[in-house]
Amino acid sequence: MSTDQIILFSLFGAVFGLLLWGRFRYDIVAFTALMLGVVLGVVDTKDAFSGFGHPATLVVALVLVVSAGLVRSGAVFLITRTLVDASRNLGAHIALMGVIGGVLSAFMNNVAALALLMPVDMQTARKAGRSPGLSLMPLSFATILGGMVTLIGTPPNIIIATIRQDALGEPFRMFDFAPVGGIAAIAGLIFVALVGWRLIPAREDTDSDLSDLSEYIAELTVPEGSKHIGKRVADLDEDAEQADVAIIGLIRDGKRRYGQGRNATLQEGDALVLEATPDALDEFRSALGLSVADAKREEQLKAGGDGVEIIEVVVTENSRLVGRTAQAVGLNWRQSTVLMGISRQGRKITNQIRKTPIRTGDILLLLVPRDTGADVTSWLGCLPLAERGLAVTADDKVWLAIALFGGAVVAASFGLLYLPVALGLVVIAYVLAKIVPLSELYTHIEWPVVVLLGSMIPLGAALESSGGTELIAGWLVTLTDGMPAWAVLTVLMVVTMSLSDVLNNTATTIVAAPVGIQMAQSLGVSPDPFLMAVAVAASSAFLTPIGHKNNTLILGPGGYQFGDYWRIGLPLEVIVVAVSIPAILIFWPL
């Protein structure tokens, strides 16, 4: 073993030890290891920061922005309303999302599949009042498992098919991976739905726990041409329940209707009086195509053309609003701002929102032109609440957002565009179409995750270029000498999985596939079962957040620590090996 190899193995050992310990944040540990690698001479200075421009790092960053665009456009609400029910128990929810994710990832890039479903899962968790960390990891694993089923589902399968063509003259076909990959995927999905999620540590400190958001009394207006005109107010109860909104009244011609309001037939210009959190209010508005104000005020609000945003402010005793109404101070025509809701704990609000006198201590939900929140807050003499990521869904752009994302996925799946380029074009289109505001473009990226990935990629490349991976392959050939074929397959899968948890799965496949062919030749058997073993194992990176881009993608949103992955990932890898070996021997006999 060379000096460089000793240093690299030591660095990897130290990194994983520190990450499992959890005392220091993962990005600091990884970046420190990279810097030590450069100082010690095992990573070339010119390659030190190559990981930050690596496609894997770019894909993770771009996918986070695309996911935000899908949420802002209403595409996530559309899927949530049609496929996902927050009242399901957690196991059933994970099973449903896992099946959807597995099927999607079999025919599209599994990173893109997770990008589409991750916001849906997080919205469902919010409605159900549970941490998204309980379901995001099972969803990530399901999309990884689904990619094993087809040729285009995951890069290792494509590489294996190419290596087979070079070695045997014919590549694997589109669904040659389905028998083995499908069995592994089904077994894995059953495990994560029934048992796996129970192994994830429950934490209360994730930033996605929105159960304590203030509930507002708010109004939404029935616009001209609405499909809900002619319906009874009670007919909207199912949609309101789905969005976690309470309909508490109806305003017509400026007057609150009581008693008969539930059975009243909706007319153009009617205002529904609602009790909801800001996110639930926006989802309900988007789902039913309602307006935040009457036509005149909404036209004034949109006149600037730069978009709108939601802010929350607390009314102080010196505010110009105290004792006055939003209408009286000219909030709309002076500041182009709409009062969407009032939170007044323990007190009833019986008037129209904009005609309700404001009191000290009230919390106001305001819809303001983008980037004017500070000016409006100062003019009102209020104090801003801490920023918590409230956004206005651009529901008129939902199909544009879906079409752009779908086109990019199709182009990448058929090799017309490189995946990072396709996602980059989607991000540009989302910004130009104002689906994702330019001011928020970089706020959706989990920068610690980017630093982690950008730091570990050069270290993995150094391990490969120093001959470290070849050294492992040599040990593997010696270790399996004289063993029966099924035992050799098992060892090959275990070692390949271990490499894939540390290295990029593409690099792992390139190293492990030729080793598998060499083993088959030494045993005098067909290389196909060995190539299938490598294909499944290289995709089974479930022990760490750096083994697969999907695992990295959920690290921040799920509030996970480095050591959380092996709790569910280790038994899952054991199951994959246990079901894959018999399936390989049946469908790809020696």
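**Strand pairing**

Reply: Leucine 220 has leucine 272 as its bridge partner in β4. Please keep in mind that this is a predicted model, in which local features need pLDDT of at least 70 and side-chain atom pairs count only at pLDDT 80 or more, while totals for chains, interfaces and linings use all residues. Residues are numbered from 1 along each chain as its sequence is written, and side-chain values use heavy atoms, with hydrogens and water left out.

Me: In which sense do β1 and β4 pair, and over how many bridges?

Reply: Two strands pair if DSSP finds at least two bridges between them. Helices (H or I, at least four residues) and strands (E, at least two) are DSSP runs, numbered from the N terminus. Here β1 (residues 216-221) pairs with β4 in the antiparallel sense, over six bridges. Strand β2 (residues 246-252) also pairs with β4 in the antiparallel sense, over five bridges. Leucine 272 in β4 is the bridge partner of leucine 250, and it is the bridge partner of leucine 220.

Me: How many residues of β4 are buried?

Reply: Buried means under 20% relative accessible area, exposed means over 50%, and partly exposed lies in between (1.4 Å probe, protein chains only). Of the six residues of β4 (residues 271-276), five are buried. In the chain of 590 residues, buried residues make up 56%. The chain holds 23 helices and eight strands.

Me: Is aspartate 362 buried or exposed?

Reply: Aspartate 362 is counted as buried because its relative accessibility is 1%. This residue lies in the loop between β6 (338-343) and β7 (363-369).

Me: What does the side chain of aspartate 362 reach, and which residues does aspartate 362 touch?

Reply: A polar contact is a pair of N or O atoms within 3.5 Å; within protein, one must be able to donate a hydrogen and the other to accept it, and residues adjacent in sequence count only if both atoms are side-chain atoms. The side chain of aspartate 362 reaches the backbone nitrogen of arginine 359 at 2.9 Å. Contact in general means heavy atoms within 4.5 Å. Leaving aside residues up to four places away in sequence, aspartate 362 touches Val313, Val314, Val315, Ile342, Ser343 and Arg344.

Me: How many salt bridges does the structure hold?

Reply: A salt bridge is a side-chain nitrogen of Lys or Arg within 4 Å of a carboxyl oxygen of Asp or Glu. The structure holds six. One of them joins aspartate 27 and arginine 25, with the closest N and O atoms 2.7 Å apart. Aspartate 27 is buried, because its relative accessible area is 6%. Another links lysine 46 and aspartate 47 at 3.4 Å, N to O. Lysine 46 counts as exposed, at 68% relative accessibility, whereas aspartate 47 is partly exposed, at 30%.

Me: Which residue has a positive phi of about 50° although it is not a glycine?

Reply: That residue is serine 336, placed in the loop between α13 (331-335) and β6. Serine 336 counts as partly exposed because its relative accessibility is 25%. Lysine 434 also has a positive phi, near 60°, and is other than glycine. Lysine 434 is found in the loop between α16 and α17 (447-465), and at 43% relative accessibility it counts as partly exposed.
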